[in-house]
Amino acid sequence: MNTSLAFYIFCLTCIFTIGILHGADAAQGKYAQQLFNELFQDYSNALRPVEDTDSVLNVTLQITLSQIKDMDERNQILAAYLWIRQSWYDAFLKWDKDQYDGLDSIRIPSNLVWRPDIVLYNKADDDFSEPVNTNIVLRYDGKITWDAPVITKSSCVVDVSYFPFDSQQCNLTFGSWTYNGNQVDIFNSLDSGDLSDFIEDVEWEIHGMPAVRNVITYGCCSEPYPDVTFTLILKRKSSFYIFNLLLPCLLISFLAPLGFYLPADSGEKVSLGVTVLLALTVFQLMVAESMPPSENVPLIGKYYIATMTMITASTALTIIIMNIHYCGSGAKPVPHWARVVILDYMSKIFFVYDVGENCTSSQHAKGQDLILKKPNTSPKEPVQYERKSQPLANIRNHDSTLKKKFPEDVSNGYDVQGENSRDIVSCCSCYRILIKNIEYIANCVRRQKANHAKGVEWKKVAKVMDRFFMWIFFIMVFFMSILVMGKAL
(Lines give C-alpha, C1' and ligand atoms only; values in the text may rest on other atoms or scores of the structure.)
Protein backbone atom coordinates (compact mmCIF):
# COMPACT_ATOMS: atom_id res chain seq x y z
CA MET A 1 0.00 0.00 0.00
CA ASN A 2 2.84 2.41 0.88
CA THR A 3 4.70 1.47 -2.30
CA SER A 4 1.69 2.24 -4.50
CA LEU A 5 1.16 5.57 -2.79
CA ALA A 6 4.82 6.54 -3.28
CA PHE A 7 4.65 5.63 -6.96
CA TYR A 8 1.44 7.69 -7.38
CA ILE A 9 3.07 10.74 -5.76
CA PHE A 10 6.16 10.36 -8.01
CA CYS A 11 4.03 10.33 -11.17
CA LEU A 12 2.15 13.45 -10.08
CA THR A 13 5.44 15.22 -9.42
CA CYS A 14 6.78 14.36 -12.89
CA ILE A 15 3.60 15.58 -14.59
CA PHE A 16 3.67 18.82 -12.61
CA THR A 17 7.35 19.42 -13.49
CA ILE A 18 6.81 18.77 -17.19
CA GLY A 19 3.87 21.15 -17.14
CA ILE A 20 5.95 23.88 -15.55
CA LEU A 21 8.76 23.44 -18.06
CA HIS A 22 6.36 23.43 -20.97
CA GLY A 23 4.79 26.59 -19.66
CA ALA A 24 8.21 28.21 -19.31
CA ASP A 25 9.12 27.23 -22.89
CA ALA A 26 5.86 28.57 -24.12
CA ALA A 27 6.42 31.78 -22.22
CA GLN A 28 9.96 32.11 -23.60
CA GLY A 29 8.73 31.36 -27.09
CA LYS A 30 6.15 34.09 -26.67
CA TYR A 31 8.76 36.58 -25.47
CA ALA A 32 11.22 35.52 -28.23
CA GLN A 33 8.59 36.18 -30.89
CA GLN A 34 7.79 39.53 -29.33
CA LEU A 35 11.49 40.39 -29.12
CA PHE A 36 12.09 39.40 -32.73
CA ASN A 37 9.24 41.57 -33.97
CA GLU A 38 10.43 44.58 -31.99
CA LEU A 39 14.10 44.21 -32.97
CA PHE A 40 13.61 43.83 -36.71
CA GLN A 41 10.71 46.25 -37.09
CA ASP A 42 12.90 49.08 -38.36
CA TYR A 43 16.19 47.16 -38.81
CA SER A 44 18.19 47.16 -42.05
CA ASN A 45 21.00 44.69 -42.76
CA ALA A 46 22.45 46.79 -45.58
CA LEU A 47 24.43 49.23 -43.43
CA ARG A 48 27.09 48.85 -40.78
CA PRO A 49 25.41 48.54 -37.37
CA VAL A 50 27.19 51.45 -35.68
CA GLU A 51 25.66 54.52 -34.05
CA ASP A 52 28.44 56.78 -35.33
CA THR A 53 29.52 56.35 -38.94
CA ASP A 54 33.09 57.38 -38.04
CA SER A 55 33.48 54.62 -35.48
CA VAL A 56 35.21 51.32 -36.31
CA LEU A 57 33.38 48.01 -36.11
CA ASN A 58 35.65 45.29 -34.69
CA VAL A 59 35.25 41.73 -35.99
CA THR A 60 36.90 38.79 -34.26
CA LEU A 61 37.83 35.78 -36.41
CA GLN A 62 38.55 32.24 -35.32
CA ILE A 63 39.35 29.28 -37.60
CA THR A 64 38.93 25.60 -36.73
CA LEU A 65 40.55 23.13 -39.12
CA SER A 66 38.44 20.01 -39.41
CA GLN A 67 39.96 18.13 -42.35
CA ILE A 68 42.36 18.41 -45.26
CA LYS A 69 40.37 17.37 -48.29
CA ASP A 70 43.13 17.41 -50.87
CA MET A 71 46.57 18.79 -51.63
CA ASP A 72 47.02 19.17 -55.37
CA GLU A 73 50.77 19.68 -55.80
CA ARG A 74 50.61 19.94 -59.57
CA ASN A 75 48.00 22.75 -59.56
CA GLN A 76 49.19 24.07 -56.15
CA ILE A 77 45.74 24.10 -54.56
CA LEU A 78 44.88 23.19 -50.97
CA ALA A 79 41.31 22.04 -50.27
CA ALA A 80 40.37 22.18 -46.58
CA TYR A 81 37.21 21.86 -44.52
CA LEU A 82 37.01 24.77 -42.03
CA TRP A 83 34.71 26.05 -39.33
CA ILE A 84 34.77 29.83 -39.39
CA ARG A 85 33.54 31.74 -36.33
CA GLN A 86 32.97 35.49 -36.61
CA SER A 87 31.76 37.68 -33.80
CA TRP A 88 30.94 41.41 -33.64
CA TYR A 89 28.60 43.80 -31.85
CA ASP A 90 25.45 45.17 -33.46
CA ALA A 91 24.45 48.50 -31.91
CA PHE A 92 20.80 48.17 -33.03
CA LEU A 93 20.12 44.65 -31.74
CA LYS A 94 20.14 45.11 -27.97
CA TRP A 95 17.45 44.57 -25.35
CA ASP A 96 16.86 44.41 -21.64
CA LYS A 97 16.59 40.74 -20.79
CA ASP A 98 14.58 41.45 -17.65
CA GLN A 99 11.75 42.80 -19.78
CA TYR A 100 11.61 39.52 -21.69
CA ASP A 101 11.47 37.06 -18.82
CA GLY A 102 15.30 36.74 -18.63
CA LEU A 103 15.71 35.89 -22.32
CA ASP A 104 19.41 36.55 -22.96
CA SER A 105 19.92 35.12 -26.47
CA ILE A 106 18.04 34.07 -29.56
CA ARG A 107 19.00 32.18 -32.73
CA ILE A 108 17.90 33.63 -36.03
CA PRO A 109 18.92 33.17 -39.71
CA SER A 110 22.15 34.93 -40.55
CA ASN A 111 20.76 36.65 -43.64
CA LEU A 112 18.50 38.81 -41.45
CA VAL A 113 21.39 40.74 -39.87
CA TRP A 114 24.33 42.67 -41.22
CA ARG A 115 27.35 40.45 -41.85
CA PRO A 116 30.95 41.48 -42.56
CA ASP A 117 32.09 40.67 -46.09
CA ILE A 118 35.14 38.70 -44.95
CA VAL A 119 36.46 36.50 -47.71
CA LEU A 120 39.46 34.29 -48.37
CA TYR A 121 41.90 36.45 -50.32
CA ASN A 122 43.90 33.60 -51.88
CA LYS A 123 40.87 31.63 -52.95
CA ALA A 124 41.46 29.34 -55.94
CA ASP A 125 37.90 28.13 -56.53
CA ASP A 126 35.67 28.99 -59.45
CA ASP A 127 32.59 28.96 -57.23
CA PHE A 128 31.90 32.43 -55.81
CA SER A 129 28.63 31.52 -54.12
CA GLU A 130 27.38 33.07 -50.90
CA PRO A 131 28.36 31.63 -47.51
CA VAL A 132 26.17 29.04 -45.87
CA ASN A 133 23.16 30.71 -44.25
CA THR A 134 23.48 29.11 -40.86
CA ASN A 135 21.81 30.62 -37.80
CA ILE A 136 23.55 33.20 -35.71
CA VAL A 137 23.48 33.56 -31.93
CA LEU A 138 22.29 37.05 -30.88
CA ARG A 139 22.88 38.07 -27.29
CA TYR A 140 21.07 40.78 -25.35
CA ASP A 141 24.16 43.07 -25.39
CA GLY A 142 24.22 43.08 -29.19
CA LYS A 143 27.01 40.49 -29.61
CA ILE A 144 26.54 38.33 -32.69
CA THR A 145 28.34 35.00 -33.12
CA TRP A 146 28.22 33.37 -36.53
CA ASP A 147 29.56 29.83 -37.01
CA ALA A 148 29.65 28.66 -40.61
CA PRO A 149 31.24 25.54 -42.12
CA VAL A 150 32.99 25.99 -45.44
CA ILE A 151 35.17 24.02 -47.84
CA THR A 152 37.92 26.31 -49.10
CA LYS A 153 40.27 25.91 -52.02
CA SER A 154 43.24 28.18 -51.58
CA SER A 155 46.37 28.69 -53.62
CA CYS A 156 49.49 27.31 -51.98
CA VAL A 157 53.07 27.66 -53.20
CA VAL A 158 54.36 24.07 -53.16
CA ASP A 159 58.10 23.46 -52.89
CA VAL A 160 58.85 19.86 -53.93
CA SER A 161 62.64 20.09 -53.71
CA TYR A 162 62.77 17.40 -51.01
CA PHE A 163 59.82 15.29 -52.14
CA PRO A 164 58.82 12.87 -50.62
CA PHE A 165 60.45 14.20 -47.43
CA ASP A 166 59.14 17.74 -47.87
CA SER A 167 57.27 20.18 -45.64
CA GLN A 168 54.79 22.74 -46.95
CA GLN A 169 53.44 26.02 -45.60
CA CYS A 170 50.07 27.10 -46.94
CA ASN A 171 48.57 30.48 -46.06
CA LEU A 172 44.89 31.20 -45.51
CA THR A 173 44.40 34.98 -45.60
CA PHE A 174 41.03 36.38 -44.50
CA GLY A 175 39.95 40.01 -44.73
CA SER A 176 37.15 42.36 -45.66
CA TRP A 177 36.69 42.85 -49.38
CA THR A 178 35.14 46.33 -49.42
CA TYR A 179 35.57 47.82 -45.93
CA ASN A 180 38.91 49.36 -45.02
CA GLY A 181 40.52 49.37 -41.62
CA ASN A 182 38.78 52.62 -40.63
CA GLN A 183 35.38 50.99 -41.07
CA VAL A 184 35.81 47.31 -40.21
CA ASP A 185 38.81 46.09 -38.28
CA ILE A 186 39.56 42.37 -38.06
CA PHE A 187 41.34 40.55 -35.24
CA ASN A 188 42.25 36.96 -34.51
CA SER A 189 40.79 35.63 -31.29
CA LEU A 190 43.61 33.08 -30.78
CA ASP A 191 47.29 33.00 -31.64
CA SER A 192 46.71 29.98 -33.85
CA GLY A 193 43.98 28.02 -35.52
CA ASP A 194 42.05 25.47 -33.53
CA LEU A 195 43.24 21.91 -34.27
CA SER A 196 41.37 20.12 -31.49
CA ASP A 197 38.76 18.68 -33.88
CA PHE A 198 41.13 17.87 -36.72
CA ILE A 199 40.58 14.53 -38.46
CA GLU A 200 43.91 12.79 -39.01
CA ASP A 201 45.02 12.83 -42.64
CA VAL A 202 46.59 9.81 -44.35
CA GLU A 203 49.25 11.82 -46.20
CA TRP A 204 49.95 14.95 -44.16
CA GLU A 205 50.86 15.71 -40.58
CA ILE A 206 49.84 19.05 -39.06
CA HIS A 207 52.66 20.75 -37.16
CA GLY A 208 50.83 23.97 -36.35
CA MET A 209 48.59 26.73 -37.64
CA PRO A 210 49.85 30.10 -36.31
CA ALA A 211 47.80 33.23 -36.93
CA VAL A 212 49.19 36.69 -37.69
CA ARG A 213 47.33 39.97 -38.15
CA ASN A 214 48.61 42.21 -40.96
CA VAL A 215 47.75 45.75 -41.98
CA ILE A 216 48.50 46.41 -45.64
CA THR A 217 48.12 49.54 -47.72
CA TYR A 218 47.53 48.73 -51.37
CA GLY A 219 48.56 50.88 -54.29
CA CYS A 220 45.00 51.58 -55.32
CA CYS A 221 43.91 53.05 -52.01
CA SER A 222 45.37 55.12 -49.21
CA GLU A 223 43.35 53.44 -46.43
CA PRO A 224 44.79 50.48 -44.55
CA TYR A 225 43.29 47.05 -45.06
CA PRO A 226 43.78 44.63 -42.16
CA ASP A 227 43.75 40.86 -42.62
CA VAL A 228 44.43 37.73 -40.59
CA THR A 229 46.72 35.09 -42.10
CA PHE A 230 46.70 31.51 -40.84
CA THR A 231 49.80 29.54 -41.87
CA LEU A 232 49.15 25.82 -42.12
CA ILE A 233 52.41 23.90 -41.55
CA LEU A 234 52.27 20.48 -43.19
CA LYS A 235 54.72 17.58 -43.09
CA ARG A 236 54.34 14.81 -45.64
CA LYS A 237 54.13 11.22 -44.46
CA SER A 238 56.78 9.58 -46.62
CA SER A 239 56.18 5.89 -45.85
CA PHE A 240 53.93 5.40 -48.87
CA TYR A 241 56.45 6.94 -51.26
CA ILE A 242 59.40 5.11 -49.71
CA PHE A 243 57.82 1.69 -50.27
CA ASN A 244 56.27 2.46 -53.66
CA LEU A 245 58.77 4.78 -55.37
CA LEU A 246 62.09 4.99 -53.55
CA LEU A 247 62.66 1.38 -52.48
CA PRO A 248 61.91 -0.12 -55.94
CA CYS A 249 64.30 2.39 -57.49
CA LEU A 250 66.94 1.47 -54.94
CA LEU A 251 66.58 -2.25 -55.67
CA ILE A 252 66.57 -1.69 -59.42
CA SER A 253 69.69 0.48 -59.22
CA PHE A 254 71.56 -2.38 -57.52
CA LEU A 255 70.85 -4.52 -60.59
CA ALA A 256 72.93 -2.22 -62.81
CA PRO A 257 76.35 -3.26 -61.37
CA LEU A 258 75.33 -6.93 -61.59
CA GLY A 259 75.28 -6.57 -65.36
CA PHE A 260 79.09 -6.52 -65.24
CA TYR A 261 79.10 -9.84 -63.37
CA LEU A 262 76.96 -11.51 -66.03
CA PRO A 263 79.10 -13.66 -68.41
CA ALA A 264 79.74 -12.06 -71.77
CA ASP A 265 78.82 -15.26 -73.64
CA SER A 266 75.30 -15.21 -72.16
CA GLY A 267 74.28 -12.41 -74.54
CA GLU A 268 72.09 -10.69 -71.93
CA LYS A 269 74.43 -8.03 -70.55
CA VAL A 270 73.14 -5.18 -72.69
CA SER A 271 69.53 -6.42 -72.42
CA LEU A 272 69.72 -6.23 -68.62
CA GLY A 273 70.93 -2.62 -68.70
CA VAL A 274 68.25 -1.55 -71.17
CA THR A 275 65.51 -3.28 -69.13
CA VAL A 276 66.61 -1.57 -65.91
CA LEU A 277 66.73 1.78 -67.72
CA LEU A 278 63.16 1.35 -68.99
CA ALA A 279 61.93 0.42 -65.51
CA LEU A 280 63.43 3.58 -64.03
CA THR A 281 61.93 5.65 -66.84
CA VAL A 282 58.45 4.40 -65.86
CA PHE A 283 59.02 5.42 -62.22
CA GLN A 284 60.35 8.80 -63.33
CA LEU A 285 57.19 9.45 -65.36
CA MET A 286 55.03 8.54 -62.35
CA VAL A 287 56.82 11.15 -60.24
CA ALA A 288 56.72 13.79 -62.99
CA GLU A 289 52.95 13.44 -63.41
CA SER A 290 52.26 14.34 -59.77
CA MET A 291 54.78 17.18 -59.46
CA PRO A 292 54.25 20.79 -60.58
CA PRO A 293 56.22 21.83 -63.67
CA SER A 294 58.72 24.01 -61.82
CA GLU A 295 62.47 24.55 -61.86
CA ASN A 296 62.87 22.78 -58.52
CA VAL A 297 63.49 19.14 -59.32
CA PRO A 298 62.35 16.88 -56.46
CA LEU A 299 64.92 14.89 -54.53
CA ILE A 300 63.58 11.56 -55.75
CA GLY A 301 63.64 12.90 -59.30
CA LYS A 302 67.32 13.77 -58.92
CA TYR A 303 67.94 10.28 -57.58
CA TYR A 304 66.17 8.77 -60.59
CA ILE A 305 68.13 10.93 -63.05
CA ALA A 306 71.45 10.07 -61.36
CA THR A 307 70.58 6.36 -61.39
CA MET A 308 69.51 6.49 -65.03
CA THR A 309 72.76 8.27 -65.94
CA MET A 310 74.72 5.61 -64.08
CA ILE A 311 72.86 2.79 -65.84
CA THR A 312 73.40 4.46 -69.22
CA ALA A 313 77.11 4.69 -68.48
CA SER A 314 77.21 1.06 -67.34
CA THR A 315 75.45 -0.06 -70.53
CA ALA A 316 77.92 1.90 -72.67
CA LEU A 317 80.86 0.40 -70.75
CA THR A 318 79.35 -3.06 -71.15
CA ILE A 319 79.28 -2.62 -74.93
CA ILE A 320 82.92 -1.52 -74.93
CA ILE A 321 83.97 -4.44 -72.71
CA MET A 322 82.09 -6.91 -74.92
CA ASN A 323 84.04 -5.61 -77.91
CA ILE A 324 87.23 -6.27 -75.97
CA HIS A 325 85.98 -9.75 -75.07
CA TYR A 326 85.34 -10.65 -78.69
CA CYS A 327 88.60 -9.24 -80.07
CA GLY A 328 89.74 -12.73 -81.10
CA SER A 329 92.84 -13.70 -83.05
CA GLY A 330 92.63 -10.82 -85.50
CA ALA A 331 93.36 -8.20 -82.86
CA LYS A 332 96.70 -6.82 -81.83
CA PRO A 333 98.45 -8.36 -78.85
CA VAL A 334 97.68 -7.02 -75.40
CA PRO A 335 99.87 -3.95 -74.75
CA HIS A 336 102.64 -4.25 -72.22
CA TRP A 337 101.13 -1.72 -69.81
CA ALA A 338 97.76 -3.52 -69.93
CA ARG A 339 99.51 -6.84 -69.34
CA VAL A 340 101.28 -5.47 -66.28
CA VAL A 341 98.47 -3.35 -64.79
CA ILE A 342 95.39 -5.41 -65.68
CA LEU A 343 96.56 -9.01 -66.04
CA ASP A 344 99.23 -9.01 -63.33
CA TYR A 345 97.93 -6.66 -60.62
CA MET A 346 94.22 -5.98 -61.10
CA SER A 347 93.39 -9.63 -61.77
CA LYS A 348 94.86 -10.57 -58.39
CA ILE A 349 93.06 -7.71 -56.62
CA PHE A 350 89.66 -8.69 -58.04
CA PHE A 351 90.34 -12.46 -57.91
CA VAL A 352 89.99 -13.02 -61.65
CA TYR A 353 91.62 -16.24 -62.91
CA ASP A 354 91.50 -18.31 -66.07
CA VAL A 355 89.24 -21.32 -66.49
CA GLY A 356 90.42 -24.03 -64.10
CA GLU A 357 92.83 -21.60 -62.43
CA ASN A 358 92.72 -20.48 -58.82
CA CYS A 359 94.85 -18.62 -56.34
CA THR A 360 97.19 -21.69 -55.89
CA SER A 361 97.33 -22.69 -59.56
CA SER A 362 100.93 -21.50 -60.17
CA GLN A 363 102.52 -23.87 -57.63
CA HIS A 364 100.21 -26.67 -58.71
CA ALA A 365 101.25 -26.20 -62.33
CA LYS A 366 104.94 -26.41 -61.39
CA GLY A 367 104.30 -29.68 -59.61
CA GLN A 368 102.57 -31.06 -62.69
CA ASP A 369 105.54 -30.09 -64.88
CA LEU A 370 107.94 -31.95 -62.61
CA ILE A 371 105.75 -35.05 -62.80
CA LEU A 372 105.68 -34.95 -66.58
CA LYS A 373 109.45 -34.62 -66.78
CA LYS A 374 110.05 -37.94 -64.96
CA PRO A 375 110.54 -40.87 -67.38
CA ASN A 376 108.20 -43.77 -67.04
CA THR A 377 110.34 -46.77 -66.07
CA SER A 378 107.52 -49.25 -65.78
CA PRO A 379 108.30 -52.40 -67.76
CA LYS A 380 104.72 -52.77 -68.90
CA GLU A 381 104.49 -49.37 -70.56
CA PRO A 382 106.69 -47.81 -73.23
CA VAL A 383 109.28 -45.32 -72.13
CA GLN A 384 108.12 -41.72 -72.57
CA TYR A 385 110.37 -38.96 -73.66
CA GLU A 386 111.68 -36.73 -70.92
CA ARG A 387 110.83 -33.52 -72.65
CA LYS A 388 109.63 -32.43 -76.04
CA SER A 389 110.21 -34.40 -79.23
CA GLN A 390 113.42 -33.98 -81.16
CA PRO A 391 113.56 -30.65 -82.96
CA LEU A 392 113.07 -30.61 -86.69
CA ALA A 393 116.47 -28.98 -87.11
CA ASN A 394 118.16 -32.08 -85.70
CA ILE A 395 116.18 -34.27 -88.11
CA ARG A 396 117.32 -32.06 -90.98
CA ASN A 397 120.96 -32.43 -89.88
CA HIS A 398 120.54 -36.17 -89.70
CA ASP A 399 119.29 -36.21 -93.30
CA SER A 400 122.33 -34.33 -94.56
CA THR A 401 124.59 -36.75 -92.71
CA LEU A 402 122.99 -39.68 -94.50
CA LYS A 403 123.63 -37.98 -97.86
CA LYS A 404 127.32 -37.63 -97.07
CA LYS A 405 127.68 -41.18 -95.83
CA PHE A 406 126.02 -42.78 -98.82
CA PRO A 407 128.65 -42.08 -101.55
CA GLU A 408 131.50 -42.86 -99.12
CA ASP A 409 130.05 -46.31 -98.47
CA VAL A 410 129.84 -47.01 -102.19
CA SER A 411 133.40 -45.96 -102.83
CA ASN A 412 134.67 -48.08 -99.98
CA GLY A 413 133.54 -51.21 -101.80
CA TYR A 414 130.43 -52.18 -99.98
CA ASP A 415 128.26 -54.55 -101.95
CA VAL A 416 125.46 -52.25 -102.87
CA GLN A 417 123.34 -53.10 -105.83
CA GLY A 418 121.99 -50.46 -108.22
CA GLU A 419 118.42 -51.06 -107.35
CA ASN A 420 119.14 -50.66 -103.64
CA SER A 421 120.88 -47.36 -104.26
CA ARG A 422 117.88 -46.04 -106.18
CA ASP A 423 115.57 -47.12 -103.37
CA ILE A 424 117.71 -45.33 -100.86
CA VAL A 425 117.65 -42.10 -102.93
CA SER A 426 113.85 -42.18 -103.35
CA CYS A 427 113.44 -42.87 -99.63
CA CYS A 428 115.54 -39.83 -98.80
CA SER A 429 113.44 -37.60 -101.10
CA CYS A 430 110.23 -38.87 -99.47
CA TYR A 431 111.77 -38.25 -96.12
CA ARG A 432 112.50 -34.64 -97.07
CA ILE A 433 108.89 -34.12 -98.25
CA LEU A 434 107.62 -35.59 -94.99
CA ILE A 435 109.82 -33.23 -93.00
CA LYS A 436 108.43 -30.21 -94.90
CA ASN A 437 104.85 -31.32 -94.25
CA ILE A 438 105.58 -31.81 -90.56
CA GLU A 439 107.17 -28.35 -90.40
CA TYR A 440 104.07 -26.84 -92.04
CA ILE A 441 101.72 -28.58 -89.63
CA ALA A 442 103.86 -27.55 -86.66
CA ASN A 443 103.88 -23.93 -87.79
CA CYS A 444 100.10 -23.98 -88.21
CA VAL A 445 99.61 -25.44 -84.75
CA ARG A 446 102.08 -22.92 -83.34
CA ARG A 447 100.21 -19.99 -84.94
CA GLN A 448 96.86 -21.37 -83.82
CA LYS A 449 98.10 -21.65 -80.24
CA ALA A 450 99.51 -18.12 -80.37
CA ASN A 451 96.22 -16.71 -81.70
CA HIS A 452 94.24 -18.66 -79.12
CA ALA A 453 96.50 -17.38 -76.34
CA LYS A 454 96.00 -13.84 -77.66
CA GLY A 455 92.20 -14.23 -77.58
CA VAL A 456 92.34 -15.71 -74.08
CA GLU A 457 94.36 -12.71 -72.88
CA TRP A 458 91.84 -10.25 -74.31
CA LYS A 459 88.99 -12.18 -72.67
CA LYS A 460 90.79 -12.02 -69.34
CA VAL A 461 91.30 -8.27 -69.79
CA ALA A 462 87.54 -7.87 -70.40
CA LYS A 463 86.72 -9.98 -67.35
CA VAL A 464 89.02 -7.91 -65.12
CA MET A 465 87.44 -4.70 -66.41
CA ASP A 466 83.98 -6.15 -65.70
CA ARG A 467 84.88 -6.83 -62.08
CA PHE A 468 86.52 -3.42 -61.69
CA PHE A 469 83.48 -1.48 -62.95
CA MET A 470 81.10 -3.72 -60.99
CA TRP A 471 82.65 -2.65 -57.68
CA ILE A 472 82.92 0.96 -58.81
CA PHE A 473 79.19 1.11 -59.62
CA PHE A 474 78.25 -0.71 -56.41
CA ILE A 475 80.09 1.97 -54.44
CA MET A 476 78.38 4.72 -56.46
CA VAL A 477 74.91 3.27 -55.82
CA PHE A 478 75.64 2.89 -52.11
CA PHE A 479 76.88 6.46 -51.64
CA MET A 480 74.05 7.85 -53.77
CA SER A 481 71.50 6.10 -51.55
CA ILE A 482 73.22 7.34 -48.38
CA LEU A 483 73.21 10.89 -49.79
CA VAL A 484 69.46 10.76 -50.51
CA MET A 485 68.67 9.40 -47.06
CA GLY A 486 70.94 11.98 -45.42
CA LYS A 487 69.14 14.86 -47.11
CA ALA A 488 65.82 13.38 -46.13
CA LEU A 489 66.78 13.18 -42.46
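I began with burial: a residue is called buried under 20% relative accessible area, exposed over 50%, and partly exposed in between, using a 1.4 Å probe and protein chains only. The model is predicted, so local features need pLDDT of at least 70 and side-chain atom pairs count only at pLDDT 80 or more, while totals for chains, interfaces and linings use all residues. Residues are numbered from 1 along each chain as its sequence is written, and side-chain values use heavy atoms, with hydrogens and water left out.

Next I looked up salt bridges, meaning a side-chain nitrogen of Lys or Arg within 4 Å of a carboxyl oxygen of Asp or Glu, and the search of the whole structure gave 7.

I looked at arginine 85 and aspartate 147, whose closest N and O atoms are 2.7 Å apart in a salt bridge. Arginine 85 sits in strand E2 and aspartate 147 in strand E6, so this pair ties together parts 62 residues apart in sequence; strands (E, at least two residues) and helices (H or I, at least four) are DSSP runs numbered from the N terminus. Aspartate 147 is partly exposed at 34%, and arginine 85 is partly exposed at 39%.

I then turned to glutamate 73 and arginine 236, which form a salt bridge of 2.9 Å, N to O. Because glutamate 73 lies in the loop between strands E1 and E2 and arginine 236 in strand E11, the pair joins parts 163 residues apart in sequence. Glutamate 73 is buried at 9%, and arginine 236 is buried at 2%.
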